Amino acid sequence: MAGKAQEDITSVLHENRLFKPNSDFSKQAHIKSRTAYNQLYKKAEKDPEAFWADLAKKELTWFKPWTEVLDWKPPFAKWFVGGKINVSSNCLDRHLEGPRKNKAAIIWEGEPGDTRTLTYQDLHREVCQFANVLKNKGVKKGDRVALYMPMIPELAIAMLACARIGATHSIVFGGFSAAALRDRINDAGAKLVVTADGGNRKGGVLTLKDKVDEALKKTESVETMIVVKRTNSDVKMKKGRDYWWHEEMKGASAVCKAAQLDSEHPLFILYTSGTTGKPKGIVHTTGGYLLGATVSSKWIFDLKENDTYWCTADIGWVTGHTYIIYGILSNGATTVMYEGVPTYPEPDRLWDIVEKYRVNIFYTAPTAIRALSRLGNEWPKKHDLSSLRLLGSVGEPINPEAWMWYHKVIGGGNCPIVDTWWQTETGSIMITPLPGAIATKPGSATLPFPGIEAEVVNKKGKKVPADVGGYLIIKRPWPSMLRTVWKNPKRFKETYWSDFPGVYFSGDGARRDKDGYIWIMGRVDDVMNVSGHRLGTMEVESALVSHPTVAESAVVGAPDEIKGTAICAFVTLNTGHKPNEALKKKLKAHVTQEIGAIARPDQIRFTNHLPKTRSGKIMRRLLRDIAAGREAMGDTSTLEDYTVLAKLRQDED
Ligand code: WT7
């Protein structure tokens, strides 16, 4: 990693602005000062089990207490062993006993502008009803349910209904293709799928049911499909398999006791890309996950009774799981949910929603910030954003320019920014400022959350000195950590626990500065971060070589001003096929069909030879340089010259 990391280090080393939390914010915050943070951190470090157990008692409602806080047989952890709990009753039932009963749980807005508000009581009722629908269709505790849905309240209802009866949900982002959905359904062995006739996107309709129909042609496990009517699109319902959501809900009872589940019962599987062609099913369980989600939401977003909170992520990603639904509802807060894209019908849609609902806490991704800032300040300026008191960022390193724009133009210079580092695997935020306590530096995720022992180490696992790049690891198990890779404990072990035995390796490079602040430098493996979403280069390569014209391909990331990383594919064709623009288009469409639009290569470059080492390894570093235009090459239309270059560099690898 040294090369890339070193470059990134020098690029941010000059960043030394410091933003102290303003005292009005700190006074009212859950964690009020750096001293308070230090005390919490030290307390957790000294006795992590006692620290988490105290919080689990205080913040969550259990049917039955645990007998053992942590059972750690590396790399397998069990938290709150013997405890019985239910995520849906923590997110709903416990709020019905007091004044939160009629408080908005979800404020939803569709892309066309239709809206719906569900109070905690409303949401509870619909969740119970849908839990009964699931039961009526034969779904039992431990069964897997796939959710392939637009951002509509029914998605939240379906998640919580699964959690209520102990069915494990596997949400597949609506932007994934039928083929990607099929693979995920098959890997998880889902029994039932919930989808919609369509979703609204960029003024058009995202067809979802059609894709499920396509996927189900090659799946064995699915018995039932439930379809929400959202866009009134013309869909075919297969008798005996497909049912309308609204018809099933009509007759369903609103009484459904929450199942008393084991703390380690699997709550969800969420697939994420790795370094092989096949995504991994990350498994999260119940008690520990909910604790991480609840405490992090409360302290990092400083959630208060009157706050209106909005995270713009899609629930198909882990950010939506933890910070639109579970962590926020568990705290009894109001969560805003929006169906569509940020620029529809105009580039001020997000700011319009902030003004309309008087949003106080706003959580989004650097790619969105960069894209919206480029559209001009007049869009946010058209709106009263004075309700905002806290801003958040997630998904990739936020460049200082984007940070400053967010701070000044969106936050009016008054809002702390929490740059939150975490992963699908970590379940909840690991490295972040606590907004009333930690002074921020643009571009740094700052310090580890209390109870999280993050460190930057060299190849040998030794802590590196200040301002030296290294690998980001987590030294101790934490409650919301992934428990395994679905049906593949071997891969779990190899991917996360083998590079540095006994500690968790994140796959990210980082450095710590002299104040102990952590600066994330991005992936050090063959994983790209495209618009804040993880994508394996191998996954895109597999998709490309599955096209009959392609003999071989190598995919690398190239810097992109908006997306962070653009996908650049080097492709060698089978004999008899000629490189041309039409084929480029075809290959791009092919990848979209195999994986989804997020994986569509930005660039296709044809070459007769991919540069390889003597042992046949593709020289990715060289390709990355070429893709980024870092090599001063005469002719960039072919790779002929690069093979020469490659030969010259063979000895390096
Ligand atoms: C990867 C995880 C869970 C967040 C959504 C993405 C990168 C995430 C930050 C940040 C720098 C970040 C890392 C990480 N990342 N947040 N604040 N600063 N990098 O979840 O798809 O599991 O990807 O996103 O590279 O490993 P994910």
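Predicted model: local features only at pLDDT ≥ 70, side-chain atom pairs only at ≥ 80, totals over all residues.
E396 counts as buried at 12% relative accessibility, where buried means under 20% relative accessible area, exposed over 50% and partly exposed in between, with a 1.4 Å probe and protein chains only. Residues are numbered from 1 along each chain as its sequence is written, and side-chain values use heavy atoms, with hydrogens and water left out.

**Salt bridges**

- The structure holds 45 salt bridges, each defined as a side-chain nitrogen of Lys or Arg within 4 Å of a carboxyl oxygen of Asp or Glu.
- E396 forms a salt bridge with R370, the closest N and O atoms being 3.1 Å apart. Because E396 lies in the loop between β19 (390-394) and α16 (400-410) and R370 in helix α14 (residues 366-374), the pair ties together parts that are 26 residues apart in sequence; helices (H or I, at least four residues) and strands (E, at least two) are DSSP runs, numbered from the N terminus.
- K441 and D515 form a salt bridge whose closest N and O atoms are 2.7 Å apart. K441 lies in the loop between β20 and β21 and D515 in the loop between β24 and β25 (518-523), so parts 74 residues apart in sequence are tied together. K441 is buried, with a relative accessible area of 7%, whereas D515 counts as partly exposed at 44%.

**Strand β22 and its partners**

- Five of the five residues of strand β22 (residues 470-474) are buried, so this strand is largely enclosed by the rest of the structure.
- Strand β21 (residues 454-457) pairs with β22 in the antiparallel sense over four bridges, pairing being assigned if DSSP finds at least two bridges between two strands. The bridge partner of V456 in β22 is L472.
- Four bridges also join β22 to strand β24 (residues 504-512), and these two strands run antiparallel; Y471 stands opposite G509 in β24.

**Backbone features**

- The peptide bond from P74 to P75 is cis, with omega near 0 degrees, and P75 lies in the loop between β1 (68-73) and β2 (76-81).
- D302, although not a glycine, has a positive phi of about 50 degrees, and D302 counts as buried at 1% relative accessibility.
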